[in-house]
Each structure stands twice: as structure tokens, then as C-alpha cells.
Amino acid sequence: MNALSVREVSKVFKDGTEALSEVSFDIKAGEGVVLLGHNGSGKSTMFKCISGFEKTSSGEIYIGKDETTFLSDRKYRPIRKKVGMVFQNFHLIYNLSVFQNVLFGAMGQSRNFLKVSAPFASKKDREKAMDCLKRVGLDHLAKRRSDQLSGGQQQRVAIARMLMQDPELVLADEPIASLDPKAGREVMELLWEIVDERKLTVLCILHQTDIAMEFGERLIGLNKGKLVLDDAKKNISKDDLNMLYFNVDEKHGGIV
Ligand SMILES: Nc1ncnc2c1ncn2[C@@H]1O[C@H](COP(=O)(O)OP(=O)(O)OP(=O)(O)O)[C@@H](O)[C@H]1O
């Protein structure tokens, strides 16, 4: 079964900007896919449409068997529980502890704020949060405030929070863009190890082609809102990747 299906999705913003133009792709359960593209190619818009933060203008998006395209926020909520997200800027609550941030990953399951607050959370959730922190190698920092961590550590906490959620699909939006090369590589290695061992489906947005060639099994590429590349990594050449970064319409007469 496909974990994610994007069918002829277009997005035109109110000011007339066409960010996505009839984009289609499927991701099978357990597949690890990297979405690449230059600045403004439509990657974040795709992320927002899949995660329900933006509505598509046309086309359909399925998460598993659920069509999500025109759902209200309320109806989208139970579907979003299955989707773990990792963001460029970590999205932690910085005046709270590392442990509390990870516990908040269980919020989608209970929807009761108290049940995911450290003093009131169940023993089971507290143990699970510690296990998630152990998996990312940060259990020794559980009590520290999140703003007292390095960027790489903050992203590992965000990965632990995502694990706490037991997601079926992981969406990662430029997870290493705010990190230096060493920390970025460590975070990618950790993320990929975890999705591999738990057989999670992942769509990871990146703009670094070298990293994409190391971690993706399959790469898809956007250029000016259009899907211009979708293939197994082994079939993709440097030229294919370079093509993603050309201003094709204006200079090269339309490779797309
Ligand atoms: N809310 C908005 N209103 C109007 N135009 C928008 C809006 N959000 C994005 N865009 C435009 O849509 C296009 C795609 O933007 P998007 O942020 O999806 O690209 P991106 O590939 O994620 O870029 P980056 O790598 O710089 O984050 C751009 O031309 C952008 O200016």
C-alpha cells in the first residue's frame, strides 16, 4: 500500500503565485524518499499541503487510505496523529525541559494537556519518553531546559518527540538546514537509522544534493513547482541533479 499519494496537486496562492503545478508521486510504506529543489521550487509548499497546514488549489493527497485534501482542521487531526514532523527550526518549547518536550509527542494520542504534562503523565508515557531520549542519546540531558542545548541536540530532541508519537509517516522539512555540516550529518545519520530500524516511511526535504545522494533511496525533484525528477538514487546522475538548479524556463528553453 502507498503510505502517501500526491495526485496532480497544484497550489496557487492568493497573489497568483503558482507554487505547485500538477505534482504527482506515490511513496510506498517503508520507503525513504528525499525531495530536492532550489529556493522557491515549492518544497515547503508541498510539505505544508501534505501536513494539512495549507490547502491545495486542486489535486488530491492521500495519507494511507485517507483522502486529506479538503478536510477541516478538526477532521484532519486524527490523520495528523500518524504523521511525525521534523522541522528546520526544531519547534521545541524552549523554556521547558527536554523531557517535557518529548512527552508532548504523545499529545496527538491523548489530546489532554494534563496527561502529557510531566507531573501528571502516566508511568508508561514517562518511561516511553525516556526510551525515546535514550534512542537519540540524550537521556542524560532529560532535565535540562531545551534552550540550553546545541542545535544538533535540539534536533535530536525533536526526533525523540517525533518517535514518542509512533508515527507511520515522517515528514522532515530541511532537518539539517540550521546545523553546521558535522552536526547536520550526525542528525541525518540518526534520523535515517531510526526510520530504517522502525521501517517508517519518510519524505525528507533537503537542498544539499551531496547529502541527498547519501541518504535517499529515491529522489524526487521540483523545479518551479513542477516535478522534474523521480527515480531511484542509483539511476540518478550529477547532470540530473544539476538540472534541478537551472533556471530552466528563462535560460535553457524548458527542460521541464
Ligand atoms: N503564502 C504565500 N503567498 C504567496 N506566495 C508564496 C507563499 N508561500 C510561498 N510562496 C511562493 O511559492 C513559491 C514556492 O515557495 P516554497 O517556500 O514552497 O519554496 P521552497 O522550495 O520551500 O523554497 P526554500 O528552499 O527557499 O524554502 C515561491 O515563489 C514563494 O515565494
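**Hairpin, sheet, core and ligand shell of a predicted model**

In the hairpin of strands S1 and S2, five residues lie between the strands, and Gly16 takes a positive phi near 95 degrees. The structure is a predicted model, in which local features need pLDDT of at least 70 and side-chain atom pairs count only at pLDDT 80 or more, while totals for chains, interfaces and linings use all residues. Residues are numbered from 1 along each chain as its sequence is written. Helices (H or I, at least four residues) and strands (E, at least two) are DSSP runs, numbered from the N terminus.

Strand S1 (residues 2-12) pairs with strand S2 (residues 18-28) in the antiparallel sense over seven bridges; two strands pair if DSSP finds at least two bridges between them. Within this pair, Leu4 stands opposite Ile27, and Val12 has Glu18 as its bridge partner. S1 is also joined by five bridges to strand S4 (residues 58-63), and the two run antiparallel. Here Arg7 of S1 has Glu60 as its bridge partner in S4. Strands of a sheet pair through backbone hydrogen bonds, either parallel or antiparallel. The four strands form an open sheet in the order S2-S1-S4-S5, with antiparallel pairing. S2 and strand S5 (66-67) stand at the edges and have a single partner strand each, so one side of each is left without a neighbour in the sheet.

Glu22, found in strand S2, has a phi of about 45 degrees. Glu22 is partly exposed, with 13 other C-beta atoms within 10 Å. A residue is buried if 20 or more other C-beta atoms lie within 10 Å of its own, exposed if 12 or fewer, and partly exposed in between, with C-beta atoms placed from the backbone. Lys199 has a phi of about 55 degrees and lies in the loop between helix H7 (181-197) and strand S8 (201-206). Lys199 is exposed, with 10 other C-beta atoms within 10 Å.

For the protein chain as a whole, the secondary structure comes to ten helices and ten strands. The radius of gyration is 19 Å, close to the 18 Å that the globule rule gives for 256 residues, so the chain is as compact as a globular protein of that length. This radius is taken over C-alpha atoms, and the rule is 2.2 Å times the number of residues to the power 0.38. The C-alpha atoms fill a box of roughly 60 × 40 × 35 Å along the principal axes. Buried residues make up 39% of the chain.

The largest nonpolar core has 67 residues, and those touching the most other members are Val34, Leu35, Val102, Leu133, Ala160, Val170 and Leu171. Such a core is a set of buried Ala, Val, Leu, Ile, Met, Phe, Trp, Tyr and Cys residues joined through C-beta atoms within 7 Å. Helix H6 (residues 151-164) supplies the largest share of this core, seven residues. Leaving aside neighbours within four places in sequence, Leu35 is in contact (C-beta atoms, placed from the backbone, within 7 Å) with Lys43, Met46, Leu203, Ile205, Ile220 and Leu222.

The ligand is surrounded by 13 residues, of which the closest are Phe13, Ala19, Asn39, Ser44 and Thr45; a residue counts if its C-beta atom, placed from the backbone, lies within 6 Å of the molecule. Helix H1 (residues 43-51) contributes the largest share of this shell, three residues.

How values were computed: Contact = placed C-beta atoms within 7 Å.
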